[in-house]
Amino acid sequence: MSDDITPRAGPSKDPLFAANHFTLLRWILATGVVIGHAWLIPTGYEPTRLHDWTLSYLSVNGFFILSGLLIAKSLFTRQDIGSYARSRLLRIYPALILLMAALLFVFGPLFGSPGNAGYFKQFEPWAYVTRVLLMGDPLTAPGDVFHAEPDAVFNGALWTIRYEVLAYVLAGIGFWLGLLRHRWVVVVTLAAVQLMYLVTQSSAAAALFSPGMISLFRFMTCFLLGMTLWHFPVLRRLGLAALVSTLAAFLLLGWSPLGEILANLVLAASLMYFGLVASPISRIARIPDYSYGIYIWHYPVLQSVLIMIPGISPMALLATSVPLIIGCAAASWHAFEKPALKLKRWRRVSGRLST
């Protein structure tokens, strides 16, 4: 194997393969999105921000950084594109299908236009479900669901899912072609995508790109940063000094064109420092991963509470909604997501789960 290709790591060589606190950090990132949206939905403004970078925005970036690291780990340890694809589908779709069923049979009938008792019989909600499952535009209010709210969108958080899935697809293709096996190819690709994203930040250049393309540059920059962390294990062990240095740089220059780059470096350093701890707490390492459920359920839950309690303050909205959001995420995880993930170990020849 050439020196330019990242060798396989193992439990004895890399702390990434040991118990870690990444699940807790995903909870925190998902909660950051919930906090931001608890203000954004009713008021149109998110006050939780630094240098105009909002908490929800940076939390989503953090998700993509961590995803890039873990997807690279998955690709290099599995060495099997079929198994990789099956795992990604089982991670995304069970909870998303459950959410779409809730739209058709719960949220739509309860919070659609008056007289929508037969909501699930209408064409528009089913067209929306099909579009979302095919990774199309989710930012509509099918059948006038949540029409009574200023932000009449069923789920404003779903728009990032298609970029996550696209990142999975591109990573799988890059690995299959052999490109992403080379660490310096990943670094050069990261630099090129980051440069393109910086170019789109100028008003003159931004007009040349669609909003979707700009978002793609944003998320792929984060995802490739995570993949870079996989290829260079030393970057995962820089410790507190790296965290403090990047944080100081962000506090000083976060207002500048380099602001998001510095913010992403702070996120990456924080995820590595607090996730790959020297002595993981076993109870924390074993907590169930409700983060995806929290992310996809919080928006319709917030909307529902706003309709049921008109005029509720953002703080009260957050306090009222959080138990409901966690309840939905827990039900989704234990009833659908966790059982579905066991199918990742299905062996085609025997037709049974591997152990």
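This is a predicted model: local features need pLDDT of at least 70, side-chain atom pairs count only at pLDDT 80 or more; totals for chains, interfaces and linings use all residues.
Me: Is Leu170 buried, partly exposed or exposed?
Reply: Leu170 belongs to helix H5, which spans residues 161-177. Its relative accessible area is 40%. Because buried means under 20% and exposed means over 50%, with partly exposed in between, Leu170 is classed as partly exposed.

Me: What is the accessible area, taken together, of the nonpolar patch that includes Leu170?
Reply: The patch lies on the surface and is formed by Leu166, Val169, Leu170, Ile173, Trp176, Leu177 and Leu179. Together these residues have an accessible area of about 680 Å².

Me: How are helices H1 and H13 oriented to each other, parallel, antiparallel, perpendicular or oblique?
Reply: Helix H1 covers residues 22-43 and helix H13 covers residues 314-341; their axes are 10 Å apart and meet at an angle of about 135°. The crossing of the two helices is right-handed. Angles over 145 degrees count as roughly antiparallel and those from 65 to 115 as roughly perpendicular. The angle of about 135° therefore makes H1 and H13 oblique.

Me: Which orientation do helices H9 and H10 have, parallel or antiparallel?
Reply: Helix H9 (residues 239-253) packs against helix H10 (residues 259-275) at about 155°, with 9 Å between their axes. H9 passes H10 in a left-handed crossing. Since an angle over 145 degrees counts as roughly antiparallel, H9 and H10 are roughly antiparallel.

Me: What distance separates the C-alpha atoms of Gly239 and Ser270?
Reply: Gly239 is a residue of helix H9 and is partly exposed, at 27% relative accessible area. Along the chain, Gly239 and Ser270 are 31 residues apart. The separation of their C-alpha atoms is 8.9 Å.

Key. Residues are numbered from 1 along each chain as its sequence is written. Side-chain values use heavy atoms; hydrogens and water are left out. Patches are made of residues with over 30% relative accessible area and no salt bridge: like charges are joined within 9 Å, nonpolar side chains (Val, Leu, Ile, Met, Phe, Trp, Tyr) within 5 Å. Accessible areas come from the Shrake-Rupley method with a 1.4 Å probe; for residues, only the protein chains shown count as cover. A salt bridge is a side-chain nitrogen of Lys or Arg within 4 Å of a carboxyl oxygen of Asp or Glu. Helices (H or I, at least four residues) and strands (E, at least two) are DSSP runs, numbered from the N terminus. Buried means under 20% relative accessible area, exposed over 50%, partly exposed in between (1.4 Å probe, protein chains only). Axes are lines fitted to C-alpha atoms, for helices over the stretch in contact, and angles run from 0 to 180 degrees between N-to-C directions. Angles under 35 degrees count as roughly parallel, over 145 as roughly antiparallel, 65 to 115 as roughly perpendicular and the rest as oblique. A crossing is left-handed if the near helix is turned anticlockwise from the far one by less than a right angle, and right-handed if clockwise.
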